[in-house]
Amino acid sequence: MPVLDFLKQEAICLQVDLGSSEEIIRLLGGKLHALGYVKDGFIEATLKREASMPTGLPLGGEYNAALPHVDIEFVNKSALALATLTHPVVFKNMVDDSEEVPVRMVIMLALDKPKSQIEMLKEISQILKRPETVRALVAAQTAQEVVTILADMAAPPVNSS
Amino acid sequence: MAKTVIVSCGTAIATSTVVASAIEEAAKKAGIQVIVKQCKAAEIPAILADGADLIVTTSQLRFDPGIPVIKGLAFLTGIGTELVMAQIMEVLKK
């Protein structure tokens, strides 16, 4: 599971209660910065990008997600950070910034090369395509549970459309 | 002649990578030759200058490019993937 190679246990923040997308981006960006994966300026650049090109993603199931990220120049080494929220926080829809998407799961992507980590990105979309996996992640209480859920994701979904 | 598809998102590193790979695979399966150009939304006008047949985007497009535009969120969320892929193939088969 390539996602697990990039998702840092120290950057998994479960059941957090925050009020805004900015607070979540600061939390996750701060973790990745403290771990050395991203450069100074990553958080501000990610916030700026989120404001002009949002990353909220309406999913088919009960919960929606957001994938904040920014240009490779702010990244030292690829990594992922994950937050799940006890209350939905509003992100704007990726393809329509007039639409608000209440989000319970945030996966922050720090990518160091264009077109790299394709397998990892595909896996993230596989996670998003499975409402049951998203639900399990949102319910998870420990980082170990998250790792187990992701490790247990077997074959791609048959057809979820 | 191969069709050119511009696949765009905000940064050209994350969501468009997933979409580009899905389109390449589907076109190959359908026996359609495509050139996929991945870029940031802001770079679309420059790439359009070289000619393109279709834009598939996961970010908001704030101008009319004069060629078909299809939203590619389905490749990330799985919602309506078949329909979106059918729309893409319809443009590419023309």
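1. Two strands pair if DSSP finds at least two bridges between them. Helices (H or I, at least four residues) and strands (E, at least two) are DSSP runs, numbered from the N terminus. With that in hand, look at chain A. A:I12 stands opposite A:L82 in β4(A). Strand β1 (residues 7-16) and strand β4 (residues 79-93) of chain A run parallel and are joined by four bridges.

2. A note on the model. This is a predicted model, in which local features need pLDDT of at least 70 and side-chain atom pairs count only at pLDDT 80 or more, while totals for chains, interfaces and linings use all residues; side-chain values use heavy atoms, with hydrogens and water left out. Residues are numbered from 1 along each chain as its sequence is written, and chains are lettered from A and ligands numbered from 1 in the order in which they are written.

3. Stay with β4(A). Strand β5 (residues 96-110) of chain A pairs with β4(A) in the antiparallel sense, over 11 bridges. A:A81 has A:M108 in β5(A) as its bridge partner. Two residues lie between β4(A) and β5(A), which form a hairpin.

4. Chain A also has a helix to check. The side chains of A:R26 and A:E22 meet in a salt bridge, 2.9 Å from N to O. A salt bridge here is a side-chain nitrogen of Lys or Arg within 4 Å of a carboxyl oxygen of Asp or Glu. A:R26 and A:E22 are separated by about one helical turn, because they are four residues apart in helix α2 (residues 21-34) of chain A. Over all chains the rule counts seven salt bridges.

5. Now chain B. Its open sheet has four strands in the order β2-β1-β3-β4, with parallel pairing. The edge strands are β2 and β4 (69-71) of chain B, each pairing on one side only. From one strand to the next, the twist averages 25 degrees. Strand β1 (residues 3-9) of chain B pairs with β2(B) over seven bridges, in the parallel sense. B:T4 has B:I35 in β2(B) as its bridge partner.

6. Helices pack on this sheet. α1(B) touches β1, β2 and β3 (54-57) of chain B, and its direction makes about 155 degrees with that of β1(B). α4(B) lies across β1, β2, β3 and β4 of chain B, at about 160 degrees to β4(B). Axes are lines fitted to C-alpha atoms, for helices over the stretch in contact, and angles run from 0 to 180 degrees between N-to-C directions.

7. How do the chains meet? Contact means heavy atoms within 4.5 Å. By that rule, 27 residues of chain B are in contact with 31 residues of chain A. The two chains bury about 2,300 Å² between them, 62% of it on carbon and sulfur atoms. Buried area is the accessible area (1.4 Å probe) that two parts lose on being put together, summed over both.

8. Charged pairs cross the interface. Chain B and chain A share three salt bridges. One salt bridge joins the side chains of A:D71 and B:K40, at 3.2 Å from N to O. α1 (15-30), β2 (34-40), α3 (74-77) and α4 (81-93) of chain B each supply at least two residues of the side that touches chain A. α1(B) gives the most to that side, with five residues.
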